[in-house]
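Reader: Could you take me through one part of this model in some detail? I would like the cut-offs spelled out as you go.

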Amino acid sequence: MATLKSMLAYSTKALAIIKKHPHVIYIKRTLLLPRLPVFTRAEGRLVQFGRQSSSTAARAESGEDSFLKWFLLLIPATTFGLGTWQVKRRQWKLQLIADLTSLTTAEPIPLPIDPLELNGLEYRRVRVRGHYDHSQELYVLPRSPVDPEKEAREAGRLSSSGETGANVITPFHCADLGITILVNRGYVPRQKIRPETRMKGQVEGEVELVGVVRLTEIRKPFVPNNDVERNRWHYRDLEAMSRVTGAEPVFIDADFSSTIPGGPIGGQTRVTLRNEHMQYIITWYGLCAATSYMWYAKFIKKIKL
């Protein structure tokens with residue numbers, strides 16, 4: 001009986017303390033009194049703190065899920081944007097190829113002497129008249145013969161099949177202009193690089209020539225430096241070629257009609273640009289579709305169920 005009275009008195013005292021203090025009260029466990037639930041005062045009534053903690057944790061977890069949901073949505077959105085960008089890049093590349101093709105098939109014009117005018121005429125067909133100086137040939141190598149259809153099929157491959165040789169660059173004195181320019185006569189296989197192996201193709205006398213204007217090249221990464229002493233050129237450096245031959249820094253690729261039996265094969269202007277944008281379009285849009293479905297299955301379909 002005394003114990004019961006003690007318990008009632010202790011409980012009354014505890015309730016009185018809770019009413020006086022709005023903050024959370026924690027009551028220690030004793031042998032006689034089990035752990036009391038923890039309370040807090042809210043709007044004039046006692047609220048069990050355990051329920052409040054549970055709801056707070058649920059809101060925090062919901063907030064994390066919401067952040068993850070919208071963050072992961074960036075993946076399909078980004079891949080969709082990249083796919084659309086590749087569509088525009090492909091349209092630009094096709095237009096560029098069409099423009100270059102039209103330039104290389106247009107009616108030839110007389111070769112202008114003004115260097116500033118020449119800078120805006122790359123890939124433009126021009127007509128010149130004069131004679132070759134075969135004693136100062138230059139060799140750009142290694143080179144393979146131009147085949148636009150084959151190059152389009154092999155675009156993107158790390159290596160290409162076929163023979164290699166050199167392009168023969170020969171000074172050409174223009175009789176009508178009074179200057180000497182550089183002409184890429186065309187491709188010869190490796191065993192025909194030396195002039196004595198192709199004497200039938202060494203054109204003598206005055207000829208009329210149609211070619212495509214080309215500008216100087218900047219050495220690309222991993223391309224070797226030109227070896228002037230050994231006459232091994234790896235890219236078009238018009239200033240250096242002009243110093244060696246005494247010609248003006250004007251360069252044209254002779255067209256295919258300049259080819260004669262036993263001589264270099266003309267028409268070695270490459271206008272086939274790498275166009276792999278359709279592969280990129282399929283890749284990016286495919287990733288967009290896959291990640292969009294995964295996002296839908298995780299965050300939307302689960303809600304509907």
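Author: Serine 102 sits in helix α3, which covers residues 74-105; helices here are DSSP runs of H or I with at least four residues, strands are runs of E with at least two, and both are numbered from the N terminus. This is a predicted model, in which local features need pLDDT of at least 70 and side-chain atom pairs count only at pLDDT 80 or more, while totals for chains, interfaces and linings use all residues. Residues are numbered from 1 along each chain as its sequence is written, and side-chain values use heavy atoms, leaving out hydrogens and water.

Serine 102 is partly exposed because its relative accessible area is 42%; buried means under 20%, exposed means over 50%, and partly exposed lies in between, with a 1.4 Å probe and protein chains only. Tyrosine 123 is 21 residues from serine 102 in sequence, and their C-alpha atoms are 9.3 Å apart in space.

What about the helix as a whole? With 32 residues at 1.5 Å a residue, α3 should span 46 Å, and this agrees with the 47 Å between its end C-alpha atoms. The expected span is 1.5 Å times one less than the number of residues.

Buried residues in α3 are Pro76, Thr79, Gly83, Gln86, Lys93, Leu100 and Thr104. As background for reading that list, an α-helix has 3.6 residues a turn, so residues three or four places apart point the same way.
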